[in-house]
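This report describes one protein chain for a reader who is new to structural analysis. Please consult the sequence and the model while reading.

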Amino acid sequence: MADVANVRTTQAGSDPSTAELVQRATEQVSRLVRDELALARVELAQKGKRAGIGIGLFGGAAALALYGLGALAATVILLLALIMPGWVAALIVAVVLFVGAGVLALIGKKQVGQAVPPVPEGTVRSVRADVDTVAAAVKDGRAVARDGRRV
């Protein structure tokens, strides 16, 4: 919030005028809005990064699954051609590739799940708390003391 330590008074030792209090409140609300927007920007950037990582991992899982399908096709061919040694090796490779694809898909799902919803939840909570605080202060009709703390 604004520097409440720089409290100015109109006369030596007197409370600030209503106009000064309104000006300070306007400055503080402006700063609060700018700070909340900056917080939302940072939070959305973090969620976007997580979504990008998750999408990349899904792409890796798809590539491994494609190789797995190729290995499975090779397994069927080798099964028909040689009956034993070749197809066992190809089947083992296919299973390993599918397991790798499954692991990447689960990790990617977790990353995307952490990025959704793309709403800056922390900022929303902070703004709600700010609105509640201001509404309570207005409702109570409390004035701001010289040092900037509520009385």
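## A buried charge without a partner

E36 is buried but forms no salt bridge, and R125, the nearest side chain of opposite charge, is 10 Å away. Buried means under 20% relative accessible area, exposed means over 50%, and partly exposed lies in between, with a 1.4 Å probe and only protein chains counted. A salt bridge requires a side-chain nitrogen of Lys or Arg within 4 Å of a carboxyl oxygen of Asp or Glu. For charge, Lys and Arg count as positive and Asp and Glu as negative, while His and the chain ends are not counted.

E36 belongs to helix 1. Leaving aside residues up to four places away in sequence, E36 touches T123, S126, V127 and D130; a contact means heavy atoms within 4.5 Å.

## Basis of the model

The model is predicted: local features need pLDDT of at least 70, side-chain atom pairs count only at pLDDT 80 or more, and totals for chains, interfaces and linings use all residues. Residues are numbered from 1 along each chain as its sequence is written, and side-chain values use heavy atoms, with hydrogens and water left out.

## Overall architecture

The chain has 3 helices and 0 strands, in the order α-α-α from the N terminus. Helices (H or I, at least four residues) and strands (E, at least two) are DSSP runs, numbered from the N terminus.

Of the 151 residues in the chain, 17% are buried. The accessible surface of the chain is about 10500 Å², and carbon and sulfur atoms account for 69% of that surface; such areas come from the Shrake-Rupley method with a 1.4 Å probe, and for residues only the protein chains shown count as cover. Among contacts between residues at least 6 apart in sequence, 73% join residues at least 24 apart.

## A nonpolar surface patch

L66, L69, L72, L91, V95, F98, V99, V103 and I107 make a nonpolar surface patch of about 770 Å². Helix 1 (18-82) and helix 2 (85-115) are the elements that give two or more residues to this patch, and helix 2 supplies the largest share, 6 residues. Patches consist of residues with over 30% relative accessible area and no salt bridge; like charges are joined within 9 Å, and nonpolar side chains (Val, Leu, Ile, Met, Phe, Trp, Tyr) within 5 Å.

F98 lies in helix 2 and is partly exposed, with a relative accessible area of 34%.

## L78 and A90

L78, in helix 1, is partly exposed at a relative accessible area of 28%. L78 and A90 are separated by 12 residues in sequence and by 7.9 Å in space, C-alpha to C-alpha.
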